Amino acid sequence: MKLAITPRAVGAAGLGLALLLCATSASAQMYRWVDASGKTHFTSSPPPPTARSVNQRAVGQGSTVALPYALALAVRNAPVVLFTTEGCAGCEMGRSLLKKRGVPFTEKTVSTGNDDAKMKEAGGNGQLPFITIGPKRLTGFESSAWDNALTAAAYPVQKMLPSNFVYAAPVPASPPPTQVAAVAPPPPRIVEQPRKQPEEERTAPPGFQF
């Protein structure tokens, strides 16, 4: 899907069309960029390296959050997942480092045996905090190691996260199954049997008729 618009044609109609494209592609990425000839493009695929004035919009779950292109590219290629637990000083420091640097991340809490199993499935060894940055796995908090891993994953060193960005609330690493309310079975159906009429007492000999 590609739309080329000259600078003169970019107006209310062009912006409206771009917003419509964003709204109709949930959980998609939309890019606005300018090519060498000055044409403005709106595409769902990343622009070429020669593109100028690149902006990206991440669309999903009914809300639109604008991210700078470099940051959005790092999030797509190396998503960050942080495993934490209560009363963990290293978890607090790790969370603070990510937010200070402006790194979008998903936080998963570990408080049950199932949570711990999920963390180990992701590559953890049972110690917290544990973080995954794309394929990179780091156990325990060490600011220099975390910063180096984020830089290697192309996350900007300086904070670029928009001021209106809101981090999602932490979720259990192994969410409990959805509780389904028990429904009492219907009472058994009682079918009344027809009463059997008493047979007429026979005292006459067989074959006798009145």
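Two strands are taken as paired if DSSP finds at least two bridges between them. Strands themselves are DSSP runs of E with at least two residues, helices are runs of H or I with at least four, and both are numbered from the N terminus.

Good morning, colleagues. The model under discussion is a predicted one, in which local features need pLDDT of at least 70 and side-chain atom pairs count only at pLDDT 80 or more, while totals for chains, interfaces and linings use all residues. Residues are numbered from 1 along each chain as its sequence is written, and side-chain values use heavy atoms, with hydrogens and water left out.

I begin with the overall content. The protein has five helices and 10 strands. Of its 210 residues, 32% count as buried, that is, under 20% relative accessible area with a 1.4 Å probe and protein chains only; over 50% is exposed, and in between is partly exposed. Among contacts with a separation of 6 or more, 58% come from residues 24 or more positions apart, where contact means heavy atoms within 4.5 Å.

Let me turn to the sheet. How many strands form the open sheet, and in what order? Five strands do so, in the order β9-β8-β6-β7-β10, with mixed pairing. The edges are held by β9 (136-139) and β10 (171-172), each of which has a single partner strand, so one side of each lacks a neighbour in the sheet.

Within this sheet, β6 (residues 80-84) and β7 (residues 106-109) run parallel and are joined by four bridges. Here L82 stands opposite E107 in β7. On the β8 side, L82 stands opposite I131, and β6 and β8 pair in the antiparallel sense over four bridges. Strands β8 and β9 are likewise antiparallel, again over four bridges, and T132 has R137 of β9 as its bridge partner. The hairpin of β8 and β9 has two residues between the strands, and in this hairpin G134 adopts a positive phi near 65°.

In a regular strand the side chains alternate between the two faces of the sheet. Strand β8 shows F130 and T132 pointing one way and I131 and I133 the other, and all are buried.

Next, the helices. Which angle do α3 (residues 89-101) and α5 (residues 143-152) make where they pack? The angle is about 40°, and the axes lie 11 Å apart. That makes α3 oblique to α5. Axes are lines fitted to C-alpha atoms, for helices over the stretch in contact, and angles between N-to-C directions run from 0 to 180 degrees; under 35 degrees counts as roughly parallel, over 145 as roughly antiparallel, 65 to 115 as roughly perpendicular and the rest as oblique. From α3 the contact draws on G94, L97, L98 and R101, and from α5 on S143, W146, D147, L150 and T151. By class, four of these residues are nonpolar, three polar and two charged; Ala, Val, Leu, Ile, Met, Phe, Trp, Tyr, Cys and Pro are counted as nonpolar, Asp, Glu, Lys and Arg as charged, and the others, Gly among them, as polar.

I close with two individual residues. H41 lies in strand β3 (residues 40-43) and is buried, with a relative accessible area of 5%. Its C-alpha atom is separated by 9.7 Å from that of A51, 10 residues apart along the chain. S174 belongs to the segment after β10. Is S174 buried or exposed? S174 is buried, at a relative accessible area of 18%. Not counting residues up to four places away in sequence, S174 touches N114, D115 and K118.
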